[in-house]
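Welcome! Take a look at the model, then read on.

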Amino acid sequence: MQKAYDYLRSASALRPEDQDLKLRLDLIAQTLSDYYVVQAKKYLDKPLGSGVGIAWLYLNEAQQYKSNRDDVRDERTKNTAIHNVRSTLS
């Protein structure tokens, strides 16, 4: 999927007026972003916040494909405290 996204992004840069390419690019970006959000939520549900680091990386990836997602912002807000505790060195 990421390779297809890269190809479509390159193709849409060559033909910026092609609405079909833009639509396909938006659909793949949404699909990839949704996938990363689902994976992040899976890691955020682990006990004692043990998966918060990986979840944060997945949320960053989701943000890369679709910016300004409310569910990404909500997950970050909800889990900021545990991330701050788990991300610092002891």
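## A first look at the helices

In this predicted model, helix α4, spanning residues 70-87, bends by about 60° at N79. Helix α1 is the other one to get to know here, and one of its residues, S12, gets a closer look below.

**Helix α4**

**Helix α1**
- Helix α1 runs over residues 2-14, which makes 13 residues.
- From first C-alpha to last, α1 reaches 19 Å, close to the 18 Å expected at 1.5 Å a residue.
- Y5, L8 and S12 are the buried residues of α1. Viewed down the axis of α1, the buried residues fall within an arc of 70°, so they line one face of the helix.
- As background, an α-helix has 3.6 residues a turn, so residues three or four places apart point the same way.
- On the face of α1 turned away from its buried side, you will find the exposed residues K3, Y7, A13 and L14.
- The cover over the buried residues of α1 includes α2 (19-44) and α3 (52-65).

**A closer look at S12**
- S12 has a relative accessible area of 13% and counts as buried because that value is under 20%.
- A polar atom of the S12 side chain lies 3.0 Å from the backbone oxygen of R9.
- Leaving aside residues up to four places away in sequence, S12 touches L21 and L25.

Terms used. Residues are numbered from 1 along each chain as its sequence is written. This is a predicted model: local features need pLDDT of at least 70, side-chain atom pairs count only at pLDDT 80 or more; totals for chains, interfaces and linings use all residues. Side-chain values use heavy atoms; hydrogens and water are left out. Helices (H or I, at least four residues) and strands (E, at least two) are DSSP runs, numbered from the N terminus. The expected span of a helix is 1.5 Å times one less than its number of residues. Buried means under 20% relative accessible area, exposed over 50%, partly exposed in between (1.4 Å probe, protein chains only). The arc is that of the directions from the helix axis to the C-beta atoms. Contact means heavy atoms within 4.5 Å. A polar contact is a pair of N or O atoms within 3.5 Å; within protein, one must be able to donate a hydrogen and the other to accept it, and residues adjacent in sequence count only if both atoms are side-chain atoms. The bend at a residue is the angle between axes fitted to the seven residues ending there and the seven starting there.
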